[in-house]
Amino acid sequence: MQPPSQERRRGASLGLPGSGPGSLAPFGTRVLAFLVDAFLCAVVAAFFTAPDLPGNWSLLSFAVVYVVSLVAIGQTPGMKVMGLRLAHPRPAARLAPWRAVVRTGLLMLLVPALVVDSDGRGLHDRLTDTAVVLDR
C-alpha cells in the first residue's frame with residue numbers, strides 16, 4: 001500500500017485535472033518554453049545593440065516581452081510554441097499587470113522558478129497565484 005502523500009496527483013490542490021488540457025505543465029516543457037523566450041529576447045535585444053552583443057539589454061527585452069504577452073494573451077511566445085498557457089484566479093479575465101510584473105521579476109532571478117511545491121509550481125507562480133498549464 002502506498003503512503004497517502006504518494007496518492008495525490010499533481011494539481012489536485014488547485015482543482016486542475018491530472019492530465020490533458022488544463023493540467024499542470026511538466027517541468028521540462030516549461031524549461032523549453034523559457035529557453036525559446038530567452039533566445040527570442042536575446043535576438044530582439046541584438047537588433048538594438050548590433051554590432052555589439054546585447055548583454056544585459058536582453059533582460060529588459062525579456063521583461064517587456066513577458067509582461068506584455070502575459071497581460072495581453074496569457075502566454076509568452078515560448079509558451080505558445082510549447083502548447084502552454086498561464087492559469088490564474090480569474091480565467092475569463094486578463095492577468096493583472098502586477099501579477100505579470102512580480103512573476104516576471106522573480107522568474108528573471110531563476111532561483112524562485114527552481115523552488116517548487118508538491119504540485120510542481122515554482123515559487124514565482126505560488127506568490128502570484130498562477131500556474132503554467134497545458135493548453136492543448
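Contacts (heavy atoms within 4.5 Å) between residues 24 or more positions apart make up 62% of the contacts in the protein with a separation of 6 or more. The model is a predicted one, with local features needing pLDDT of at least 70 and side-chain atom pairs counting only at pLDDT 80 or more, while totals for chains, interfaces and linings use all residues. Numbering runs from 1 along each chain as its sequence is written, and side-chain values use heavy atoms, with hydrogens and water left out.

Seven helices and two strands turn up in the protein, counted as DSSP runs (H or I of at least four residues for helices, E of at least two for strands) and numbered from the N terminus. Their order along the sequence is α-α-α-α-β-α-α-α-β. As for burial, 40% of the 136 residues are buried, meaning under 20% relative accessible area with a 1.4 Å probe, protein chains only.

Helix α3 gives a closer look at the packing. Spanning residues 57-73, α3 has 17 residues and stretches 24 Å from first C-alpha to last, close to the 24 Å expected at 1.5 Å a residue; that expectation is 1.5 Å times one less than the number of residues. Its buried residues are S58, S61, F62, A63, V65, Y66, S69, L70 and V71. The cover over these buried residues includes α2 (27-49), α4 (77-82), β1 (84-87) and α5 (97-108). Just past the end of α3, G74 adopts a positive phi of about 80°.

Along the principal axes, the C-alpha atoms of the protein fill a box of roughly 60 × 30 × 25 Å.

Methods
Buried means under 20% relative accessible area, exposed over 50%, partly exposed in between (1.4 Å probe, protein chains only).
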